[in-house]
Amino acid sequence: MPDMDLADLDAFAAVALARSFRGAAMKRGTSASALSEALRRLEARLGVRLLNRTTRSVTPTEAGQRLLERLAPALGEVAAALDAVNDFRDTPMGTLRLNVPTIVARAVLPRMLGEFMRRHPGITLEIVGHDSFIDVFAAGFDAGIRYDESLERDMIRVPLGPRTQRFVTAASPAYLAQHGRPAHPDDLLRHACIRHRFDSGNTPRWEYEREGESVTITPAGPLVATAMEMQVQAAIEGLGIIRSFEEFLAPALASGVLERILPEWEEAFSGPYLYYSSRRHMPAPLRAFVDFLKGPQGRW
């Protein structure tokens, strides 16, 4: 058997799974050139090409795919064996990678991460705020955070943060003085509305419910944006009506630069959950985070 460097094998698996040198490098905290050099060494030792590379894509060759299928589980076992050493430390060490919605990254996690990191100084957190639905495990994350309706049934879920949240509709006093205050969700069709677009390209409709009556509208208006700060500022400047998570709008509502409208149509929904696969080894940093969330500091 050729003298193989485990780090080179691990680099190959990372690139093959990410289908990108740059993407794999970002997840591993290294450079794309370092991964490219590792792959060059590995292919030279094996005497076979493992990846097809073009300017647009990186895909495994037939030999590379066969190697990956056998190698990935083995590397997982190696990682699990090394992680077992964490059980002998006073506090676990390692990196915890989480994929979370933007609202959670901005309004939920900051309230709890300080205490968690003080308790576990050996853990490095890597948090990516992302609103698109992806396979977080294939992308190299240890766990994800999502809302109940978007969770797969075979996932283990742990509640975190607020157990109920709501969407709020609001506008500036100047806008309401000029255009009037909507009394029913259908009235919004005659108003300028500021809409959110997710990274996936989806621009959601606005849904309302009160005493068994449900109303869904597709609003129109002068601004569609992925940046929530831009939307809030546009609403403050009187460009239209905004609808978003209450946490995003709370400062503007508290200061009076935005006013709540249609409050009787605000329907509460379940707060977010941490989720992870029951079929995967739970690394020590993730186990520590789950234990933390099960305590009183993990939800409110």
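Author: Asn99 stands opposite Gly144 in β5. That strand, β5 (residues 143-146), runs parallel to β3 and is joined to it by two bridges; for two strands to count as a pair, DSSP has to find at least two bridges between them. Strands here are DSSP runs of E with at least two residues, helices are runs of H or I with at least four, and both are numbered from the N terminus. Before going on, keep in mind that this is a predicted model, where local features need pLDDT of at least 70, side-chain atom pairs count only at pLDDT 80 or more, and totals for chains, interfaces and linings use all residues. Residues are numbered from 1 along each chain as its sequence is written, and side-chain values use heavy atoms, with hydrogens and water left out.

Back to β3, which covers residues 94-100 and also pairs with β4, in the parallel sense, over seven bridges. Gly94 has Ile123 as its bridge partner in β4, and Val100 has Gly129. Zoom out and you get an open sheet of five strands with mixed pairing, in the order β4-β3-β5-β15-β6. At the edges stand β4 (123-129) and β6 (155-159), each with a single partner strand, so one side of each is left without a neighbour in the sheet. From one strand to the next the twist averages 25 degrees, with axes taken as lines fitted to C-alpha atoms (for helices, over the stretch in contact) and angles running from 0 to 180 degrees between N-to-C directions.

Trp206 has Ile217 as its bridge partner in β10. The hairpin of these two strands has two residues between them, and Glu211 takes a positive phi near 50 degrees there.

Now the helices. α1 (residues 6-18) and α3 (residues 32-46) pack at about 115 degrees, with axes 9 Å apart. That makes α1 roughly perpendicular to α3 (65 to 115 degrees counts as roughly perpendicular, under 35 as roughly parallel, over 145 as roughly antiparallel and the rest as oblique). The contact, meaning heavy atoms within 4.5 Å, brings Asp8, Leu9, Ala11, Phe12 and Val15 of α1 to Leu35, Ala38, Leu39, Arg41, Leu42 and Arg45 of α3. By class, that contact of α1 with α3 has eight nonpolar, no polar and three charged residues (Ala, Val, Leu, Ile, Met, Phe, Trp, Tyr, Cys and Pro are nonpolar, Asp, Glu, Lys and Arg charged, and the others, Gly among them, polar).

α1 also meets α2 (residues 21-28), where the axes come within 8 Å and cross at roughly 120 degrees. That makes α1 oblique to α2. On the α1 side are Asp10, Ala11, Ala14, Val15 and Ala18, and on the α2 side Phe21, Gly23, Ala24, Lys27 and Arg28. The contact of α1 with α2 has six nonpolar, one polar and three charged residues.

Last stop, the aromatics: a search of the whole structure finds ten aromatic pairs. Phe167 and Phe269 have ring centres 5.2 Å apart and planes at 35 degrees, so the pair is tilted (rings of Phe, Tyr and Trp, its six-membered ring, pair if their centres lie within 6.5 Å; planes under 30 degrees apart are stacked, over 60 edge-to-face and the rest tilted). This pair links distant parts of the chain, 102 residues apart, with Phe167 in β7 (residues 164-171) and Phe269 in β14 (residues 268-270).
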